[in-house]
Amino acid sequence: MRFSTAAALMALGPLSAAAESPFDQYKAKFQNFLSSFSGSAGIPDAADNVQVPINTKSKSKTVQPKQIDTLTLANWKDTLYGPVHAEATIPEEWLVLITGGNKTCFGRCDQLDKAFNESALKLASLKPTPHNLHLASVNCDDEPVLCNSWSASTGVVWLFEVLPPPAETALYVKRLNTTTVTSQDIVDAYTAPREEWRKVDSDSYFHPIDGWFAKNGLAVPLGWFFWGLNAVPSWVMMLGVSFISRSMMNKRVDGMANRPRAAGAPGAAAAPRGAAPGDGRS
C-alpha cells in the first residue's frame, strides 16, 4: 500500500499535539502553584499591616486644685465639721478667705480673690501633700450677718484647726495686702510658722466656735444687730443722736426749774429778825 507524504504529515500533527499536551498541563499547573505561593508570601494580610502605637511617655498623675467651698450663715459650721472624723486626733485645716465687694471691701478685693483662686493648685502641689487642708471663702457683701457675728473684716485669711467636739478649735488670722498679694504669698502664709499669725484665744468673746457669744447663742443675734446698725444711713443715726440728746437736756432743765429752792439758797426770802435781848421793843 502506498501512502502519500501529505497524508503522513497530517497524521503526525495530531500525534505530536497529543504527546506534548500532558507536559504542558503539568507545566502550567506548576507555574500557577509558584505564582500563588509567591503572591501569598509577598503580600501580607491587612492585619499584619496594622501598626500598634507604643506610648513611650511615662504616665504622670495630674494634680487637681483644691476645691474652694463658699461659706454661708446656714452652712458654715456643717462645712467646717464635714471632713472631721469622730476619732480624729489630727485636726482638719480650713484656710478661709474673708473677702467682699464694693460695700465691705470698697472694690479692692479683686486681686485678693484672683490670688486665692490661683493658690488652690499650688497648695495641692505641696510636698508632702496636705490632705487635711481645705479651702473656703466668705463674701461679706453676700453674708453680712455671718461676718458681723464673727467680727470679721475683709482682706484677711483665717486658718481653722478643727477637731471633733468638744475639743477646742484653734484659730489664726493673717492680714494680706489686697493690692499686691499673689498666690505665692498665700502659700507662703500657710507654710509659715503659726507664730507669724495672730492667734484668736478660744475664750475670747468673738471666737466663732468656742467664744462666749457663740456658746451662749448670742453670736448670730449680735450679727443681725450690727448688720441693722450698719444698714442705717449715717445721717439718720446723727439725727437720732441729736434728738435723744436734746430730749435729755430739756428734761434736765425742766427738772431743775420745778425743784423747790432750799431756805439757805441764794435768792430765798430773808427771815425776819427779832429784837436784841434787853431791847424795849421786844
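**Figure 1. The aromatic pair W150 and W158 in the predicted model.** W150 and W158 are both buried. A search of the whole structure, which is a predicted model, finds 10 aromatic pairs. In the pair formed by W150 and W158, the ring centres are 5.2 Å apart and the planes meet at 20 degrees, so the pair is stacked. The cut-off behind that label is a plane angle under 30 degrees. A pair of aromatic rings is described by the distance of the centres and the angle of the planes. W150 and W158 also belong to one aromatic cluster, together with W76 and F160.

**Figure 2. The disulfide between C105 and C109.** The whole structure contains 2 disulfides according to the search, and one of them joins C105 to C109 with an S to S distance of 1.8 Å. The torsion about this S-S bond is about 75 degrees, so the disulfide of C105 and C109 is right-handed. C105 has a relative accessibility of 5% and therefore counts as buried. C109 is buried as well, with a relative accessible area of 1%. The cut-off for buried is a relative accessible area under 20%.

**Figure 3. The disulfide between C140 and C147.** Here the sulfur atoms of C140 and C147 are joined at an S to S distance of 2.0 Å. The torsion about the S-S bond of C140 and C147 is about -90 degrees, so this disulfide is left-handed. C140 is at 4% relative accessibility and so counts as buried. The relative accessible area of C147 is 5%, and C147 is buried. When the bonded cysteines of the chain are numbered in sequence order, the pairing reads 1-2, 3-4.

Figure 4. N148 is found in helix α5, which spans residues 144-150. With a relative accessible area of 18%, N148 is buried; the cut-off applied is under 20%. Leaving aside neighbours within four places in sequence, N148 is in contact with G223, F226, W227 and N230.

**Figure 5. L222 in helix α8.** L222 lies in helix α8, residues 219-231. Not counting residues up to four places away in sequence, L222 touches F206 and F213. The C-alpha atoms of L222 and L146 are separated by 9.9 Å, although these residues are 76 residues apart along the chain.

**Figure 6. The buried face of helix α6.** Helix α6 covers residues 183-191, and its buried residues are S183, I186, V187, A189 and Y190. Seen down the axis of α6, these buried residues fall within an arc of 160 degrees, so they line one face of the helix. An α-helix has 3.6 residues a turn, so residues three or four places apart point the same way. The elements that cover the buried residues of α6 include the strands β2 (92-99), β3 (133-139), β4 (156-162) and β5 (170-175), as well as helix α4 (110-124).

**Figure 7. Strand β5 and its partners.** Of the 6 residues of β5, 5 are buried, and the strand is mostly covered. β4 and β5 pair in the antiparallel sense over 6 bridges. β5 is also joined to strand β6 (residues 198-200) by 3 bridges, and these two strands run antiparallel. Y172 of β5 stands opposite L159 and also opposite K199 in β6.

Figure 8. The chain has a mean pLDDT of 79, and 68% of its residues reach 70 or more. Over residues 5-9, pLDDT stays under 50, and the model has 0 contacts beyond four places in sequence for this segment. Over residues 40-44, pLDDT again stays under 50, with 1 contact beyond four places in sequence. Where pLDDT is low, the predicted coordinates should not be read in detail. The chain holds 9 helices and 6 strands. Of its 282 residues, 28% count as buried. Among contacts in the chain between residues at least 6 apart in sequence, 71% join residues at least 24 apart.

Notes:
Residues numbered from 1 in each chain as written. Predicted model: local features only at pLDDT ≥ 70, side-chain atom pairs only at ≥ 80, totals over all residues. Heavy atoms only, no water. Buried < 20%, exposed > 50% of the residue type's maximum accessible area, 1.4 Å probe, protein only. Helix = DSSP H or I, 4+ residues; strand = E, 2+ residues; numbered from the N terminus. Arc of directions from axis to C-beta. Contact = heavy atoms within 4.5 Å. Disulfide = S-S within 2.5 Å. pLDDT = per-residue confidence, 0-100. Pairing = 2+ DSSP bridges. Phe/Tyr/Trp six-rings, centres within 6.5 Å; stacked < 30°, edge-to-face > 60°.
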